[in-house]
Each structure stands twice: as structure tokens, then as C-alpha cells.
Amino acid sequence: MNQKLLAAIYARLSEEDRNKSDSSIDSESIVNQVMLLRQYAENKGWEVYDCYTDDDWAGADRNRPAFNRLLQDAEEGKFNIVLCKTQSRFTRELEMVEKYIHGLFPRWGIRFVGAVDNADTSIKGNKKSRQINGLVNEWYLEDMSENIKAVLTTRRQEGYYIGSTPLYGYKKDPERKGHLIIDPEAAEVVRLVFHSFANGMGKTAIARMLNQRGIPNPTEYKRRKGITYKTPQHKAGTLWKYFSISDMLANEMYIGNLVQGKYGSVSYKTKENKPVPKEKWIRVENTHEPIIDRELWETVQKMRKERARPFSTGETGLFARKVRCKHCGYIMHAGKGRGKRYLKCGTRHAAKDACIGSFIFVDKLEQIVIEELRKMNDQYLDQDQLEDEIVLKHSLSEEIAKWEEKKKKIEKQMVQLDHAMKNLYLDKVKGEIGIDPFKVLSQELEQDKERAKEQYDTFLQKIQELQEQLKTHSDKKKIIQEYTDVKELNRAMVEQLIDYIEVSKRDPVTKILKVEIHWNF
């Protein structure tokens, strides 16, 4: 008795699908996709294992929760078939098509089926059409990304606000798309911050005052108002902090100017963003009603400049935004007392009992970093260690050569299988072999080709992993040895070497100050 096939249904809806204006929008909904696929599975006699649905997720996003749960269950062999409306519902990336539909799914015994576009991995001749679909979808993604960028740039240049969440103090104008209007409740807090600073109050003191009054910070305020808001990493919580006040005082959107385009996407394949140079920001004046008048703004900017305490390395502090309090996770800010510069946790001063607080002198931290660099470099200079490293490098190179040899053999085998398939086809055309033997032999050759391709992909992946290990090893050694005799750090070194540093409060008993350095290599 044949085992009943289990199908996993995957449905996806993106914002782009939701915004389509034609009549086909109903057929794209999650509910209708699932209904269609359930009916399809029933007609095929398949049992539905589970429905995996991602609502408002792009086809190029690899962080889709249901998508990743589906892949995990597929690897664990919980079903036999992945059923989607079309291949593009599963993914729009050619790389993902090759990795999963043509690579891992066959290994895991998973058949992929697209109900509408007839994608089906059980049909041998169907592979080229699936690859063409993947290529077309890839082009579509890239073109769509470029078109969206062009449209957004134009909208910004025309003075339209295109952010999903308006700046604290403003809200979206329900009567005019892309226009900001004042949020009276939040605007009063903004005015309070500016007036307090103009009257001589410091940024931490302002944060403490707001916290004592029970005024929610921008993140918490938006949450209470039901506004969707993604909290930046390491800035969770409901308290006002030094940097939230500092950023507010420097933001010229409060005088009616739109400043956008501060971040740009790394690639159309990811939602990851990177900072854009200040000279490339898009700035348009007088786009909305100001909360702060020009006179107050100019006063505050002058005071900010006068209060700025630049380090010897320039306007940016040596460890600016690189050091975090180990106890609360917030960025420590700089100060100066009795001629010495220091870093301290602002959370402790922003609200009572919020954190036990961390503190370290900048010169002390600089020496700790330099000492750690020297220790790592000494490891490489140590003869025994050096020999170990040479052996490691040698063994990695040998390992790569071994897998390269295996890859060459498989490549040769794949060429031979192609020749065998062509000769078999010619024999059939010449009438030297019957149709039935041809089908049997051609099927065997196709299976051999599939197995060879899987082996080739495995060998190639292994080679790439080993090459990355070798490169990482060489890069790390090169970076460390570059700073063998460094006596002092500068900002460029810190940017290259350090991801972030965590500082704990000095232990009152042992007097030990714990510092954890997270390197960039």
C-alpha cells in the first residue's frame, strides 16, 4: 500500500501585492491562496500537513518567519511536498531556487510544486522552465528595486515625507499624503526640551526631568498611540536618555525642514541599511509647520557648539558610540572632569535606580585595547604558535586541493554523462534502440546527472567554506600585525578594529574593572 503524500502549503502576500489596483488582487490574498492550494492538494489526493503563511513579506526577504519554519520542517522530513501558488510565492531569488528547489529539496526527498505556473520538480524537463522563472523573478526584483529607489528619491526631492513613522512631535496629515502636521502633545515636550537646554540645563538633566515627570520617551509614546515602530538595537526601554535629547536638539526637521535619505539599502536582496554620507542627504526647506522658531533654534545650536568637548582626534570622540554599559546595554557617553576624559553610563543619571552604572577613563580604555592587541600579536610572534599557524594554513590549503580534485572528477563525470545522453538520443533517432529501452536508460542517466550535480554543489560549497576560513585567518593576522607597535589609537583605528566594547562597574571588593572587546575580525 502506497504511503499517502503529505503536502506543506506555503502562501505569501507582500505590500506590493496588497497595493495592486486590478481585479486580480483578491486571488493574491493569503486566504484565497490557501483555499486554492487546499483544493489543488485534495484533487491530487495529497494530505495537507500544515499551512505556512507570511503576510506582508517580500519574496526576496530571507527572514520570513513562516518560510524559515517551512525550511526547518522540510529538513526534518515532516512532509513530502512543498506546494505554492507559483514559484515566485516561494522565492523571487534565483540563488534560492537553486539552493532549495534544485539542491536541498531533492536531497531531503521534497518535491516542489507550483499550482499555477506548473513548476514541478518531479518532471525532469521542467527544470529549465523553473530556472528561467527564477531568472525572470531575479530581474524583476532588481528592476523593481531601482524603480522604487528612483521614485522615492524624486518624492524626497519634492519635499514629501516618505517614512513609515513620523518624527516625534509630528504625525501624518490625513488630508495630504507625504505631509507632516504637528502632534500637539508630543510637540509640547519638544519645546520643553529646547527651552530647557537654552536656559542652561544639560542633556542628562533634561532626560532626568522628563523621566521624573513620567513623560514617555518617543518609542514608548508611539507604542501607547498604537503606532508601529521598530526600536533600534540597544535602545529598547521607556526612559529618556542623553542621546535621545542630543539627537532631538540637532534635528532641523523641528524648524520645518525635511532631511531624508540618511540611510540606503545595502542590496535589493536585503533590508539591511547603511549610513549615507551627509553631503548626499536630501534636504528640502519649509515643507511643514515648525515646532521650534528660528531664534530658539539658533540659540540652541550656538550653545551646542560652545558646549562641545572634542577629543584630540577631532570632533568625534575616540570611542564615540562604541562603548556600552554591560549592565543595561546602553551606549556610554563622554565627559570631562579634572582634566581627564571619561565614559559613563547615562542611564544611571537619567532615572533613579535604572542602572548601577559603568565608568571608565578614556586613556585607561585606550591602554586596555592596545594591550589586548599586543597580546594577540605576541601569540602570532611566539614560535610555537607561529608553527601552529603555518601548519593550520598548510592543512587548509591541502584540504582545499583535495576537494578541488574531487570537484574536477565530478566535472569530468558530468561531461561524460552529457555525452552518453547525446549518444543515446542519436541511437534512438537512428533506430538502433527502441523507445522503451531509451526511456529506461535516459531516466538512469538523468538520475546519475542529478546525483553528480548534488555532489558537485557539495564539493563547491566545501571549497568556498575552506577558502573563507583561510582568508579570515590571513586577514586577522594581517590586521593584528599592522598594529604591532601602536602607542596610541585614533578614530580610524577604532572603526577598523572594534565592533563594540562592554564595560562593567568596578567590583567594590576585588576592584576589578571588566572590559569585553568585540573585534571586527
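Just after helix H8, Gly200 takes a positive phi of about 100° in this chain, which is seen here in a predicted model. Helix H8 itself covers residues 184-198, and its 15 residues, at 1.5 Å a residue, should span 21 Å; the end C-alpha atoms are 21 Å apart, which agrees with that expectation. Within H8, the buried residues are Ala186, Ala187, Val189, Val190, Val193, Phe194, Ser196 and Phe197.

**Helix pairs**

Two packed helices are described by the angle between their axes and the distance between the axes.

A second pair is formed by helix H4 (residues 65-75) and helix H6 (residues 94-108), whose axes come within 10 Å and cross at roughly 30°. H4 and H6 are therefore roughly parallel to each other. The contact is made by Phe67, Leu71, Ala74 and Glu75 of H4, together with Met96, Tyr100, Phe105 and Trp108 of H6. By class, the residues of the contact of H4 with H6 divide into seven nonpolar, no polar and one charged.

**The parallel sheet**

Four strands form an open sheet in the order S2-S1-S3-S4, and the pairing in it is parallel. The edge strands are S2 (47-55) and S4 (111-114), each of which pairs on one side only. From one strand to the next, the twist averages 20°. Helix H3 (residues 30-44) packs on this sheet, where it touches S1, S2, S3 and S4, and its direction makes about 160° with that of S1.

Strand S1 is mostly covered, since seven of its eight residues are buried. Eight bridges join S1 to S2, and the two strands run parallel; in this pairing, Ala11 stands opposite Thr53 in S2. Three bridges join S1 (residues 6-13) to S3 (residues 81-84), again in the parallel sense. In S3, the bridge partner of Ala7 is Ile81, and the bridge partner of Ala8 is Val82.

**The antiparallel sheet**

Another open sheet is formed by three strands in the order S12-S13-S14, and its pairing is antiparallel. Strand S12 (333-337) and strand S14 (359-361) stand at the edges, each with a single partner strand, so one side of each is left without a neighbour in the sheet. The twist in this sheet averages 30° from one strand to the next. S12 and S13 (residues 340-344) pair in the antiparallel sense over five bridges, and the bridge partner of Gly335 in S13 is Tyr342.

| Strand pair | Sense | Bridges |
|---|---|---|
| S1 and S2 | parallel | eight bridges |
| S1 and S3 | parallel | three bridges |
| S12 and S13 | antiparallel | five bridges |

**A buried lysine**

Lys407 has its place in helix H15, which covers residues 383-430. Its relative accessibility is 12%, and because the cut-off for burial is under 20%, Lys407 counts as buried. Leaving aside residues up to four places away in sequence, Lys407 touches Tyr456, Phe459, Leu460 and Ile463.

**The chain as a whole**

There are 17 helices and 16 strands in the chain, and buried residues make up 40% of its 521 residues. Among contacts between residues at least 6 apart in sequence, 66% join residues that are at least 24 apart.

Methods:
Residues are numbered from 1 along each chain as its sequence is written. This is a predicted model: local features need pLDDT of at least 70, side-chain atom pairs count only at pLDDT 80 or more; totals for chains, interfaces and linings use all residues. Side-chain values use heavy atoms; hydrogens and water are left out. Buried means under 20% relative accessible area, exposed over 50%, partly exposed in between (1.4 Å probe, protein chains only). Contact means heavy atoms within 4.5 Å. The expected span of a helix is 1.5 Å times one less than its number of residues. Two strands pair if DSSP finds at least two bridges between them. Axes are lines fitted to C-alpha atoms, for helices over the stretch in contact, and angles run from 0 to 180 degrees between N-to-C directions. Angles under 35 degrees count as roughly parallel, over 145 as roughly antiparallel, 65 to 115 as roughly perpendicular and the rest as oblique. Ala, Val, Leu, Ile, Met, Phe, Trp, Tyr, Cys and Pro count as nonpolar, Asp, Glu, Lys and Arg as charged, and the others, Gly among them, as polar.
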